[in-house]
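Please read the following report alongside the sequence and the coordinates.

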Amino acid sequence: MVVTIEVSAGDIQGFGHVRIIIGLVTGLSVTRILNGLARFVQHPGKQAIYPAHMIWAMFMLLFVTHFWWFQFGLSTIRQWQYPEYVFVISYAALMFFISSLLFPDQMGEYSGFEDYFHSRARWFYGLLAALFLIDLADTAMKGGAHFRAMGAMYPLRQSILAGLAIIGMFLSNRLYHIAFGALAILAQIWWISARFLLLD
């Protein structure tokens, strides 16, 4: 038996059922990142800031808040089936997992965030590559017209970022991690500025 939730045109209350859980998971991600960043203010001498780690923390904060913003596009989906619901929640949960990976509960076995970041680089970049590719599926879920409206640069951008993340899994070069993080932030800012300043 397939359970389908019917959402009529303009029915924000129906869509709200999906959006509430997205907001909860997204809120946990933002909280995790902000709590992690607050540590550097609360205990400035305890852990040294590592530029690559800090850049990626800022990227994830930007990405997560942007994710919540563009999920308004899910309101165009008129019928929700359970697999679609699970997919969207899994997408949000992946962001929470990455956010938690950036700021672990304990740092006792590591000499600092540089040591920690590079010890978990394969996990971090592997999940990040998945995040960029899952975003393509999330956009396609909103309909072919919506996907095409994103322009030819959108799938190219996502594929390039996913490819760079996969490369990052196998490189220990500090400059690469910093440069890639900075590029990802710039790409995200450009994308937001170009397409998502208004909530349609």
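## Conventions and basis

The expected span of a helix is 1.5 Å times one less than its number of residues, where helices (H or I, at least four residues) and strands (E, at least two) are DSSP runs numbered from the N terminus. This is a predicted model, in which local features need pLDDT of at least 70 and side-chain atom pairs count only at pLDDT 80 or more, whereas totals for chains, interfaces and linings use all residues. Residues are numbered from 1 along each chain as its sequence is written, and side-chain values use heavy atoms, with hydrogens and water left out.

## Overall fold

The protein has 8 helices and 2 strands, and along the sequence these follow the pattern β-α-α-β-α-α-α-α-α-α. Of its 200 residues, 45% count as buried, a term that means under 20% relative accessible area, with exposed meaning over 50% and partly exposed lying in between (1.4 Å probe, protein chains only).

The accessible surface comes to about 10,300 Å², and 68% of that area belongs to carbon and sulfur atoms; such areas come from the Shrake-Rupley method with a 1.4 Å probe, and for residues only the protein chains shown count as cover. Among the contacts (heavy atoms within 4.5 Å) with a separation of 6 or more, 78% are accounted for by residues 24 or more positions apart.

Helix H2 has 20 residues and reaches 28 Å from its first C-alpha to its last, close to the 28 Å expected at 1.5 Å a residue. H2 is mostly covered, with 14 of its 20 residues buried. Helix H3, with 21 residues, reaches 30 Å between its first and last C-alpha atoms, close to the expected 30 Å, and its buried residues include Val88, Ile89, Tyr91 and Ala92.

For helix H5 (residues 121-141), the 21 residues should span 30 Å at 1.5 Å a residue, and the end C-alpha atoms are 30 Å apart, which agrees. Among the buried residues of H5 are Phe124, Tyr125, Leu127, Leu128, Asp135 and Asp138. Just after H5, glycine 143 takes a positive phi of about 115°.

## Two residues in their surroundings

Histidine 53 lies in helix H2 (residues 51-70) and is buried, with a relative accessible area of 0%. Leaving aside neighbours within four places in sequence, histidine 53 is in contact with Phe40, Leu102, Phe103, Phe113 and Phe117.

Threonine 31, in helix H1 (residues 12-42), is partly exposed because its relative accessible area is 42%. Threonine 31 and phenylalanine 96 are 65 residues apart in sequence and 9.6 Å apart in space, C-alpha to C-alpha.

## Cavity and pocket

On a 1 Å grid over the protein atoms alone, a cavity is a set of points where a 1.4 Å probe fits but cannot get out, and a pocket is an open set with protein on both sides within 12 Å along at least five of seven lines; lining residues have an atom within 4 Å of a point. Grid points are joined across faces, edges and corners, and a volume is the space filled by probe spheres set on the points.

A search of the whole structure finds 1 cavity of 30 Å³ or more, and the largest cavity has a volume of about 40 Å³. Its lining consists of Leu101, Leu102, Tyr116, Phe117, Arg120 and Phe124, with helix H3 (82-102) and helix H4 (113-119) each supplying at least two residues. The second largest pocket holds about 180 Å³ of space, and its lining includes Arg39, Phe40, His43, Asp105 and Met107.
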